[in-house]
Amino acid sequence: MVKPRILEIYEVGTKVRLNDDDLIAKIITVAVHAGDVVQYECAWWTGEARTRDWFSVDDILEVMCDKPKRTIGFHNE
């Protein structure tokens, strides 16, 4: 019997503070890569320009909501 793999992720729409004290962004995409590596595409406004980039969980300094991480699982046979 194969044991399902479980990951905890932040939900799309979660506001986060990234590696710059003034950079507040919103998670717009969650990607799961080989080896259960999770990356978050985050977007933010700088003046009139919208910027987005990919970040790892180590780049997230603060989660700006009180929702816990969401649990997702994978079953591989």
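Visitor: What does "partly exposed" stand for when a residue is described?

Guide: Buried is under 20% relative accessible area, exposed is over 50%, and partly exposed is in between. In this predicted model, Ile-28 has a relative accessible area of 26%, so Ile-28 is partly exposed.

Visitor: Is Glu-41 buried or exposed?

Guide: The relative accessibility of Glu-41 is 10%, and therefore Glu-41 counts as buried. Across the protein chain, which has 77 residues, buried residues make up 25%.

Visitor: Where do Ile-28 and Glu-41 sit in the secondary structure?

Guide: Ile-28 belongs to strand E3, residues 24-33. Glu-41 belongs to strand E4, residues 37-46. The protein chain has seven strands and zero helices, and its pattern along the sequence reads β-β-β-β-β-β-β.

Visitor: Which residues does Glu-41 touch?

Guide: Residues up to four places away in sequence are set aside here. Glu-41 then touches Lys-26, Ile-27, Ile-28, Thr-29, Arg-52, Asp-53 and Trp-54. With one of these, Arg-52, there is also a polar contact between side chains, at 3.2 Å.

Visitor: Which residues does Ile-28 touch?

Guide: With residues up to four places away in sequence again not counted, Ile-28 touches Val-12, Glu-41, Cys-42, Ala-43, Arg-50 and Arg-52. Take the pair Ile-28 and Arg-52: they are 24 residues apart in sequence, while their C-alpha atoms are 8.8 Å apart in space.

Visitor: What share of contacts in the protein chain join residues at least 24 apart?

Guide: Among contacts between residues at least 6 apart in sequence, the share is 47%.

Visitor: What is Leu-18 in contact with?

Guide: Neighbours within four places in sequence are left aside. Leu-18 is in contact with Leu-23, Ala-25, Cys-42, Trp-44, Phe-55, Asp-59, Ile-60 and Leu-61. Cys-42, in this list for Leu-18, is also touched by Ile-28.

Visitor: How much of the accessible surface belongs to carbon and sulfur atoms?

Guide: The accessible surface of the protein chain is about 5600 Å², and carbon and sulfur atoms account for 49% of that surface.

Terms used:
Residues numbered from 1 in each chain as written. Predicted model: local features only at pLDDT ≥ 70, side-chain atom pairs only at ≥ 80, totals over all residues. Heavy atoms only, no water. Helix = DSSP H or I, 4+ residues; strand = E, 2+ residues; numbered from the N terminus. Buried < 20%, exposed > 50% of the residue type's maximum accessible area, 1.4 Å probe, protein only. Polar contact = N/O pair within 3.5 Å; in protein donor to acceptor, adjacent residues only side chain to side chain. Contact = heavy atoms within 4.5 Å. Areas by Shrake-Rupley, 256 points an atom, 1.4 Å probe, with all protein chains shown as cover.
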